[in-house]
Amino acid sequence: MTAHPAGPASDYWARHELACALTLGATGLPCVQAGVELLIDTDVWLHRPDFVAEYITIDAGVATALAFVDWDGAIAALQEGRLPCSGGERAVLRIAASMSGGIPVDLNDTLTSLDGVNLALTATAIRNAAGHRAGSAALWKEAENT
């Protein structure tokens, strides 16, 4: 049997459940939720076992599991070179950490590292953080492909 290129189904469901737990952990806090959704929507960091194991905490002591990102720890690791990644991945993590964890980010350097899709996802996250949830990043992605 040939392995599915996206990985085993159990990996998909584990990431999906983690994304749900992260979203639930951020519910009611618009900036935190927008940063978490940016992290989820870019579809990179939740695929990284090193990131998930070190910087995400799951609280399963409640009826529905909640998960939280250690933004300070993740950004410290990024700055120390312990989370190797591309410039775009670095930019997304920095922006999400700024939105969710209040960690300052140099937008002059960070925004220029984003490709069109990640820029659209970031713009959507900013709009969501400001309380303007109308629209979808999916529309922006479609525009990128035309």
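Me: Is Phe51 buried or exposed?
Reply: Phe51 is buried, with a relative accessible area of 0%, where buried means under 20%, exposed over 50% and partly exposed in between, using a 1.4 Å probe and protein chains only. This is a predicted model, in which local features need pLDDT of at least 70 and side-chain atom pairs count only at pLDDT 80 or more, while totals for chains, interfaces and linings use all residues. Residues are numbered from 1 along each chain as its sequence is written, and side-chain values use heavy atoms, with hydrogens and water left out.

Me: Which ring does Phe51 pair with?
Reply: Phe51 forms a tilted aromatic pair with Trp45, at 5.2 Å centre to centre and 55° between the planes. Rings of Phe, Tyr and Trp (its six-membered ring) pair if their centres lie within 6.5 Å, and planes under 30 degrees apart count as stacked, over 60 as edge-to-face and the rest as tilted. The rings of Phe51 and Tyr55 have their centres 5.9 Å apart and their planes at 45°, so this pair is tilted too.

Me: How many residues apart are Phe51 and Tyr55 in their helix?
Reply: They are four residues apart in helix α3 (residues 49-55), which means that about one helical turn separates them. Helices (H or I, at least four residues) and strands (E, at least two) are DSSP runs, numbered from the N terminus. An α-helix has 3.6 residues a turn, so residues three or four places apart point the same way. Tyr55 is buried as well, with a relative accessible area of 6%, and Trp45 is also buried.

Me: Changing topic, how do α5 and α7 pack?
Reply: Helix α5 (residues 87-101) and helix α7 (residues 116-129) pack at an angle of about 0°, with their axes 11 Å apart. That makes α5 roughly parallel to α7, given that angles under 35 degrees count as roughly parallel, over 145 as roughly antiparallel, 65 to 115 as roughly perpendicular and the rest as oblique.

Me: And which residues make that contact?
Reply: On the α5 side they are Val92, Ile95 and Met99, and on the α7 side Asn118, Thr122, Ala125, Ile126 and Ala129, with contact meaning heavy atoms within 4.5 Å.

Me: What about α4, which of its residues are buried?
Reply: In helix α4 (residues 71-79) the buried residues are Trp71, Gly73, Ala74, Ile75, Ala77 and Leu78, and their cover includes α2 (30-41), α3, β2 (66-69) and α5. Just after α4, Gly81 takes a positive phi of about 80°.

Me: Which non-glycine residue has a positive phi?
Reply: Asp43 has a positive phi of about 60° although it is not a glycine. Most residues other than glycine have a negative phi. Asp43 sits in the loop between α2 and α3 and counts as exposed at 51% relative accessibility.

Me: How many helices and strands are in the chain?
Reply: The chain has eight helices and two strands, running α-α-α-β-β-α-α-α-α-α from the N terminus on. Of its 146 residues, 36% count as buried.

Conventions:
Axes are lines fitted to C-alpha atoms, for helices over the stretch in contact, and angles run from 0 to 180 degrees between N-to-C directions.
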